[in-house]
Amino acid sequence: MPIHAALLRHALERPEKPAVVLDGRCLTYGELYSRSSAICRFLQELPRSNRRSLDLPGVEKLVAMSLGNHIGFAEYFVAATALPNASAVIDPMMPAERIERIVERLIPDVLVVDDGSSPSAEIGRRLGIPFIVAGAEPFDLAAEPDDLPVDAEGIFLIGFTSGTTAEPKAYYRSREQWRRSLDRGRLVFELRDAPSTLCPGALVHGLALYALVEALDAGATFHSVGKWNPGAVAHILSSGIERLVAVPTHIAGIARAWADAPLISMRDVLTAGAKLNLNEVESMRRLFPKARIREYYGASEIGFMTVSTLVGGATDDPIDRVGRAYPGVKISIRDPEENDVGTDVPGTIFVNSDLIADGYLWGDDGQAFRVTPAGATVGDLGEIDQNGMLRVIGRAGGMLISGGNNVYPAEVESALKTCPGVEDAVVFGLPDAYYGQRIVAVISGEATDAKILGDHCAGKLARFKIPRQFYHIGCWPMTSSGKIARGQVEASVVSGDGLVLRLSA
């Protein structure tokens, strides 16, 4: 990992300070460093697999981690990313057959699981791959620690992101890329005084994993929960947490669950994963009256692209923008021939920076992340104004064609989220004999009148962008990363399974 030197410093200077707190269990910095060192020594003594065919330059041991939010996640991640090792983080909530395909392609030297009877452990047994159950280690974690290897270049992380097929794409990251990002983030997010940080998301996903690493880099205490529970998270926040990193849906759940006094200890809220809307920002203002509210726009393959301060800045940024370029990042908007179109003209967002991933180990479908002489892109569409503020319109692959007109769901969702009584919205297209695709919207919240929703959209969108059908949902199905499971919502509309209710004017 890019922060072993910082971890050693924290362990020597503040060994008793809590590093990770999860469901009431605590690892101090001294314990984290000592236990990670013991795990690293154990990993180095394991025989190396002779079955792996992946080309991973400089990687001696590959450790696959299929752990949920477990207190052992941090210590295994620290150990598994010490030179010359690398870690592949696998979401244990994925379907078992998908995990098996990933493990078959990786052939890791060892698999770390949280339960010996879990699907991941069974996959390890079936494939003949050694596995360790976190918390039931077959070695001495109290042994005198060795120093973890000094950081250098090389692959340290393999992650997985969705593509145009059901098969996850495997991207890889170098220590130097994350080190640059962390160096800039200490200044951008003002982390030098180590604010206590809570991130309730799944640690195998980019938002929470990075939040964990940046907290440990800064010497902060990182808080999380084993399983998402908005009431439990709100209770932890009330204990004096200073910084919250979460997707908007998690924050909305916290706001609904907390009925007591505003949480005045919170000084910084950082969101990503979906664009904030005015209702969400106002809800956060009430819940965290002294907090600066910021969001960032980025991608697993590209890293940070922009940062926006919506509340608490010298001048608050516009709500319909995602901010200016992150330090060291240059953004351009380009046409299909990759010519720069300038300001106030929509096109594909391209990025030039030194934070971009090296590429994919597999799964490159050519439909999203690609690197060309113009820069890197994940296919998102947007435009830049004369002040350098970026507006994201949507993903090229998500564009609908309704009645011969191009419609981007993200734009319609943003309009709906400004309607009083709407908490969240999902927009998609369904086959239609006349329009080609008819625009359908599913909303949550108190709003239940289709005419009011349609009239509201009419004041903000061109006529052809207004949804032709509105549905209401009481509780969103969620992915393990805390995002709305959009495919499941669409399937419910099509199947009429009762999860959604059609609204009438």
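Visitor: Let's start with β5. Which strand do its bridges join it to, and how many are there?

Guide: This is a predicted model. In it, three bridges link β5, residues 110–113, to β6. The two strands run parallel.

Visitor: Which residue of β6 stands opposite valine 112?
Guide: Isoleucine 132.

Visitor: What sheet do these strands belong to?
Guide: An open sheet of seven strands, with mixed pairing. The order is β6-β5-β3-β4-β7-β8-β18.

Visitor: And which are the edge strands?
Guide: β6, residues 131–133, and β18, residues 359–362. Each of them pairs on one side only.

Visitor: What about the twist?
Guide: From one strand to the next, the twist averages 25 degrees.

Visitor: Which strands does helix α3 touch?
Guide: Helix α3 covers residues 73–80 and packs on the sheet. Its contacts are β3 (61–66), β4 (85–89), β5, β6 and β7 (155–161).

Visitor: What angle does α3 make with β4?
Guide: About 140 degrees between the direction of α3 and that of β4.

Visitor: New topic. How many disulfides are there in the whole structure?
Guide: Zero, from a search of the whole structure.

Visitor: Where is the nearest cysteine sulfur to cysteine 26?
Guide: That sulfur belongs to cysteine 199, and it is 18 Å away. A disulfide needs the two sulfur atoms within 2.5 Å. Cysteine 26 is in no disulfide.

Visitor: Why does cysteine 26 count as partly exposed?
Guide: Because its relative accessibility is 39%.

Visitor: Is cysteine 40 buried or exposed?
Guide: Cysteine 40 counts as buried, because its relative accessibility is 6%. The cut-off for buried is under 20%.

Key. Residues are numbered from 1 along each chain as its sequence is written. This is a predicted model: local features need pLDDT of at least 70, side-chain atom pairs count only at pLDDT 80 or more; totals for chains, interfaces and linings use all residues. Side-chain values use heavy atoms; hydrogens and water are left out. Two strands pair if DSSP finds at least two bridges between them. Helices (H or I, at least four residues) and strands (E, at least two) are DSSP runs, numbered from the N terminus. Axes are lines fitted to C-alpha atoms, for helices over the stretch in contact, and angles run from 0 to 180 degrees between N-to-C directions. Contact means heavy atoms within 4.5 Å. Buried means under 20% relative accessible area, exposed over 50%, partly exposed in between (1.4 Å probe, protein chains only).
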